[in-house]
Amino acid sequence: MATYDLTPRIGPNLDRHLVFPLLEFLQERQLYPDEQILKAKIELLNKTNMVDYAMDIHKSLYRTDDVPQDMVDRRVEVVARLKALEDAAAPLVAFLQNPNAVQELRADKQYNLQMLNDRYQIGPDQIEALYQYAKFQFECGNYSGAADYLYQYRALCTNSERSLSALWGKLAAEILMQNWDIALEELNRLKEIIDSKSFSSPLNQVQSRIWLMHWSLFIFFNHDNGRTQIIDLFNQDKYLNAIQTSAPHLLRYLATAFIVNKRRRPQFKEFIKVIQQDQCSYKDPITEFLACVYVNYEFDGAQKKMKECEEVILNDPFLGKRVEEGNFSTVPLKDEFLENARLFIFETYCRIHQRIDMGVLFEKLNLNYEEGERWIVNLIRNSKLDAKIDSETGTVIMEPNQPNVYEQLIDHTKALQGRTYKIVGQLLEPAQAQPAR
């Protein structure tokens with residue numbers, strides 16, 4: 001199943017610290033040789049300040065108690081640099097840790113800067129030192145301290161680019177601490193900035209959206225309402241265009257969210273068109289399953305893809321089963337996915353057949369006859385489908401459901417109105433952006 005592993009595509013769009021949970025998951029699932037994972041970890045760690053962790057992995061990889069001299073020298077360098085940054089940021093850190101002093105701060109940043117300079121002799125150098133200290137703490141793996149200092153830095157920072165960089169850092173820290181509610185708040189704050197900011201190049205804005213979507217995977221598949229919110233984000237025109245042009249592998253996660261989320265069926269019809277359009281640029285068992293059911297009506301193929309989908313989900317760091325050990329876990333959704341996948345096959349199969357042999361249907365759903373009969377009885381009862389079971393012939397009889405002409409007209413009118421707004425918005429966007437230049 002390493003064939004369907006997206007880590008090589010996802011990794012370049014993440015902060016290197018966010019790649020560690022993915023490697024932990026892959027190591028647990030044993031998709032790759034242990035030696036290969038350990039070497040990948042060391043390669044990542046060599047560009048961080050987590051020297052002690054790198055030493056431990058080196059010892060494990062090479063089965064030795066000795067470490068290279070360059071690691072020893074690097075550790076001395078990191079400790080010295082950390083002490084220097086701590087001293088440089090000390091005046092501002094002391095101020096921020098004083099509750100009485102912090103009460104003097106106001107919403108006006110300019111006032112705060114002037115007050116800090118006049119009363120506490122804290123100027124731009126100390127504020128910059130706080131940013132560097134926070135960043136260094138993050139590189140050392142102290143995500144809690146980094147998140148606190150980056151939050152405090154943004155409250156004082158007047159440089160929009162540096163403030164944006166600090167927000168990315170705080171988002172990464174909250175993700176790594178698995179603070180999903182706070183991480184979601186930071187994600188939404190970052191999205192608002194990306195969508196409203198004037199970028200030097202449209203490509204830079206597209207790249208920022210791609211990064212944001214990759215980082216959001218950690219949140220959306222762990223947050224209680226994440227499987228709905230990933231659809232709300234990824235399915236927006238600007239974000240979906242970015243996926244189709246630069247990151248089609250993200251279609252796996254949007255497709256999964258649609259399959260397990262029954263509340264987004266109206267948008268699902270349009271998404272099937274995207275799956276159909278992008279089959280040449282990206283496909284995996286999950287997107288192929290949707291193509292089998294809704295594009296090609298290949299129900300036998302859909303059944304085979306369901307089995308592959310189960311393996312893909314279990315071996316995907318964002319979709320797979322919960323990891324009991326290690327520093328990261330994901331939300332299990334395999335059972336929910338398979339149940340809804342069967343429902344998709346059943347619904348589509350019923351739309352094109354009036355009388356259905358239950359034996360044939362249960363085979364396509366990968367259920368034995370007893371399980372299948374119980375499943376279909378509950379489905380008809382709960383979903384209020386206009387159908388009945390003929391036990392003597394072992395068939396399901398679908399009652400003809402003639403579409404209402406007026407409802408069809410209303411649906412088409414709504415779709416036309418939506419497309420009109422979309423075209424007008426695209427025409428007005430360049431004109432609205434012109435004054436900003």
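Predicted model: local features only at pLDDT ≥ 70, side-chain atom pairs only at ≥ 80, totals over all residues.
Reader: At what angle do α16 and α17 pack?

Author: Helix α16, residues 265-277, and helix α17, residues 285-294, pack at about 110 degrees, and their axes are 10 Å apart. Angles of 65 to 115 degrees count as roughly perpendicular, and α16 and α17 are therefore roughly perpendicular to each other.

Reader: Which residues in α16 and α17 meet there?

Author: From α16, Phe 268, Phe 271, Ile 272 and Ile 275 meet Thr 287, Leu 290, Ala 291 and Tyr 294 of α17. Seven of the residues in this contact are nonpolar, one is polar and none is charged.

Reader: Turning to the largest nonpolar core, which residues touch the most other members?

Author: That core has 138 residues, and those touching the most other members are Phe 234, Tyr 253, Phe 271, Phe 289 and Leu 290.

Reader: What is Phe 234 in contact with, leaving aside its neighbours within four places in sequence?

Author: Its contacts include Met 213, Leu 217, Phe 220, Tyr 239 and Ile 243. Ser 216 is also one of them.

Reader: Now the sheet: what is the order of its strands?

Author: The order is β1-β3-β2 in an open sheet of three strands, with antiparallel pairing. The edge strands are β1 and β2, each pairing on one side only. From one strand to the next, the twist averages 25 degrees.

Reader: How many bridges join β2 to β3?

Author: Four bridges join them, and Ile 389 stands opposite Val 396. Between β1 and β3 there are three bridges, with Asp 357 opposite Thr 395.

Reader: Which residue takes a positive phi in the hairpin of β2 and β3?

Author: Gly 394 does, with phi near 65 degrees; the hairpin has four residues between the strands.

Technical notes
Residues numbered from 1 in each chain as written. Heavy atoms only, no water. Axes fitted to C-alpha atoms, helices over the stretch in contact; angles between N-to-C directions. Helix = DSSP H or I, 4+ residues; strand = E, 2+ residues; numbered from the N terminus. Parallel < 35°, antiparallel > 145°, perpendicular 65-115°, else oblique. Contact = heavy atoms within 4.5 Å. Nonpolar A, V, L, I, M, F, W, Y, C, P; charged D, E, K, R; others polar. Pairing = 2+ DSSP bridges. Core = buried A, V, L, I, M, F, W, Y, C linked by side-chain atoms within 4.5 Å. Buried < 20%, exposed > 50% of the residue type's maximum accessible area, 1.4 Å probe, protein only.
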